[in-house]
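These are my notebook entries on a structure that I looked up for a reader new to it. Each entry records what I looked for and what I found.

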Amino acid sequence: MIEVTGSLKRRLAVWLLVTVTGLGALLMVEAWMSTRRAAERAFDSQLEAAALTIAEAVQWQQGEPLVEVPAAALQILATRHQERVFYAVLDADGEAVSTNLPFAIEPAWRERVASAPMALTARLDGAAWRLYGREYDSAGWVSQEPVQIWVGHTRGGRVALADELFERTLTRFVAMVLLAGVLMAMALRVALGPMRRLRRQLRHRDADDMRPLDARVPEEMRELAQTLDHLFARQRQSREALLRFTADASHQLKTPLAGLQSTSELALQSEDPADWQAALTAVHEGAGRTSRLAGQLLSLARLRHLDETGEIAPLDIATVLRETVLDWAGREVARHHDLGLAELPPGPLWVRAEGWAVRELLGNLIDNALRYTPPGSVITLGLAPHGDEVVLFVEDDGPGVPAAARERLRQPFERGGRQDTDGSGLGLAIVDSIARRLGGRLVLGGREPHGLVVTLHLALCQGREAP
């Protein structure tokens, strides 16, 4: 039973989309951080340039620094976002020479700027500020005192620039994702093309077309194509075996039916009651043989088409063997043979099997032994535990079968080269089918000085499997 679990194309698309989305999210985080860093560097460079421009405008008059902030410095800091721009020029004592800052520069900041230029972010009066401070030496002037220049502005421009850069990046990313989606759909269609061609080829095949596939497939589908070829080969072999079986069965049924028709025609031409009696006897015996042959054919066909699971449950094979042998020993066909049981082990022997299958198997083994051995032969059945297996054996002291012909006995209508009996050659084929169904192993061997031994190996129930 085939259970559809969804579209492979949709599944691949979802996984690719999840992967692209995950990577895209990481890229967006990185882009967001990069735009913030780029905006910070750009505006910090503006602050540094503005501080340098103000430093060049510092003049000394009567030993005191005099600053007239040039318009160029303010233009550097001016942006289209209308930020608030501030500056401060401090002398060596930290006193403001010129400033428009609404707050005083903290001493700790002045000490740090004395050793190296510094840019910092501060939150003052409820607004976020970015300040840049640098100390410039007054070498070459009358007074050799350093001055500190601080410039700053609010962070609105930085945030606006970072958002603008991120929006551009996001727009390009969305366009790239849409393009990637189109390309991904095209790639999936091309990649799944061989699967569609293989599907069409299988769909258009005739039911009896078991030829190997003629298709070019990628490496990933090679194992699937080979599995299909092996399946077709097994189906071809099964079909050929079925055709051979049907032909053999037709031949086997045609022969006794033709004999019955010939016997009845001869009886109808005679007016002697004795001829009628002999003809009726022959028809009765022929009908019995034909009925048995038809029953065996049905059993073999049933075994080959049964569901493999079935109702297999723990079964005491010792009890079934004892009952089957007692049943056959009382039949007319066993009157001229010594049919008996070997000593059975004490207690039950549990195997996983179907009762009807085991009885059918035993019946065919006993029937084969009775038909292919001369009157007076000894036929013995028994059981022998062997490790985690139980071995069921049937041995006789009849003429036996040559070693070269024993394996052929598993095939339908094979009699081991003997045609002097009324057997159909189906018994061991049925036994072999039942053995394989039960997961067992059938072995044919010889018996000294003459005879045949048929053994069946079945697994014993272990632990909780046994009742």
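**Entry 1: Asn368.** I began with Asn368, which counts as buried because its relative accessibility is 16%. I use "buried" for under 20% relative accessible area, "exposed" for over 50% and "partly exposed" in between, with a 1.4 Å probe and protein chains only. I found Asn368 in helix H9; helices here are DSSP runs of H or I with at least four residues, strands are runs of E with at least two, and both are numbered from the N terminus. Asn368 and Leu428 are separated by 60 residues in sequence, while their C-alpha atoms are 7.8 Å apart in space.

**Entry 2: Basis of the values.** I noted that this is a predicted model, in which local features need pLDDT of at least 70 and side-chain atom pairs count only at pLDDT 80 or more, whereas totals for chains, interfaces and linings use all residues. Residues are numbered from 1 along each chain as its sequence is written, and side-chain values use heavy atoms, with hydrogens and water left out.

**Entry 3: Ile105.** I then looked up Ile105 in the loop between strand E4 (96-99) and helix H3 (107-115). Ile105 counts as buried, because its relative accessibility is 9%. Between Ile105 and Trp150 I read 45 residues in sequence and 8.6 Å in space, C-alpha to C-alpha.

**Entry 4: Salt bridges.** How many salt bridges are there by the rule used here? The rule asks for a side-chain nitrogen of Lys or Arg within 4 Å of a carboxyl oxygen of Asp or Glu, and the count comes to 13.

I looked up Arg130 and Glu40, whose closest N and O atoms are 3.7 Å apart in a salt bridge. This pair links distant parts of the chain, 90 residues apart: Arg130 is in strand E6 (residues 127-136) and Glu40 in helix H1 (residues 8-56). Arg130 is buried, at a relative accessible area of 12%, and Glu40 also counts as buried, at 18% relative accessibility.

The next pair was Glu354 and Arg437, a salt bridge with 2.8 Å between the closest N and O atoms. Here too distant parts of the chain are linked, 83 residues apart: Glu354 lies in the loop between strand E10 (350-353) and helix H9 (355-371), and Arg437 lies in helix H11 (residues 427-437). Both Glu354 and Arg437 are buried.

I also looked up Glu389 and Arg441, whose side chains meet in a salt bridge at 4.0 Å, N to O. Glu389 is in strand E12 (residues 389-396) and Arg441 in strand E13 (residues 441-446), so this pair ties together parts 52 residues apart in sequence. Glu389 counts as partly exposed at 23% relative accessibility, and Arg441 is partly exposed with a relative accessible area of 42%.

**Entry 5: Annotated spans.** The unreviewed UniProt entry carries the annotation "transmembrane region" for residues 12-33 and 173-192; such annotations may be inferred rather than shown by experiment. Residues 12-33 are 100% helix and 0% strand, with their end C-alpha atoms 32 Å apart. Residues 173-192 are 95% helix and 0% strand, and their end C-alpha atoms lie 27 Å apart.

**Entry 6: Arg200.** Arg200 is partly exposed, at a relative accessible area of 40%.
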